[in-house]
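Subject: Structure for you to look at

Hi there,

Here is the structure I promised to pass on. Please open it beside this message, and then read on for what turned up in it.

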Amino acid sequence: GALPVAAGAVAGGGGGAAGGIPPAPPAAVAPGATTPTPPAAARKAGGAANSGQAMADALSALANLGYGPSEAAAAVAEAQAGEPGASTPVLIRAALRLLAPKD
């Protein structure tokens, strides 16, 4: 059977004092201050992570279309080399062009 649960006792059920830990207050920012731009290395690392995710997503899409792992990986790697930092849809289209039968 079902176990009785008091309202607000479920994790994530409303927040506040009765529901667990209250949310943190917003960070204080001095008037007129701007948020610092991350260093180039940090931006590059973030782009690399996004690029890696785009490649993984493109590989998954090609596998779902029936391409073998090795041919999909080769096509996605070549597509990524041709368009560094490309988004997932761009990588998929480029890889599909490389995998298309040649006449």
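Before I name any element, one convention: helices are DSSP runs of H or I with at least four residues, numbered from the N terminus. By that count, Ser51 sits in helix α2. Please also keep in mind that this is a predicted model.

**Overall picture**

The protein has four helices and zero strands, and the order from the N terminus is α-α-α-α. Of its 103 residues, 15% are buried. The exposed surface comes to about 7,500 Å², with 65% of that supplied by carbon and sulfur atoms.

Leaving out residues up to four places away in sequence, Val76 touches Met55, Ala58, Leu59, Leu62, Leu91 and Ala95.

**How α3 meets α4**

Two packed helices are described by the angle between their axes and by the distance between those axes. For α3 and α4, the axes come within 8 Å and cross at roughly 120 degrees. The crossing of α3 past α4 is right-handed. On the α3 side, the residues involved are Glu71, Ala75, Val76, Glu78, Ala79 and Gln80, and they meet Leu91, Ala94, Ala95, Leu98 and Leu99 of α4. Sorted by class, this contact has eight nonpolar, one polar and two charged residues.

Beyond its neighbours within four places in sequence, Ser51 is in contact with Gln80 and Gly85.

Gln80 belongs to helix α3. Its relative accessible area is 16%, and therefore Gln80 is buried as well. Not counting residues up to four places away in sequence, Gln80 touches Ser51, Met55, Gly85 and Leu91. Gln80 is also one of the α3 residues that meet α4.

**Two residues with more accessibility to check**

Ala61 lies in helix α2. With 21% relative accessibility, Ala61 counts as partly exposed, because buried would require a value under 20%. How far from Ala61 is Ile92, C-alpha to C-alpha? The two C-alpha atoms are separated by 7.4 Å, although the residues are 31 apart along the chain.

Pro69 is placed in helix α3. Its relative accessibility is 72%, so Pro69 counts as exposed, the limit for that class being over 50%. Pro69 and Leu59 are 10 residues apart in sequence, and their C-alpha atoms are 7.7 Å apart in space.

Terms used: Residues numbered from 1 in each chain as written. Predicted model: local features only at pLDDT ≥ 70, side-chain atom pairs only at ≥ 80, totals over all residues. Heavy atoms only, no water. Contact = heavy atoms within 4.5 Å. Helix = DSSP H or I, 4+ residues; strand = E, 2+ residues; numbered from the N terminus. Buried < 20%, exposed > 50% of the residue type's maximum accessible area, 1.4 Å probe, protein only. Areas by Shrake-Rupley, 256 points an atom, 1.4 Å probe, with all protein chains shown as cover. Axes fitted to C-alpha atoms, helices over the stretch in contact; angles between N-to-C directions. Left-handed = near helix turned anticlockwise from the far one by under 90°. Nonpolar A, V, L, I, M, F, W, Y, C, P; charged D, E, K, R; others polar.
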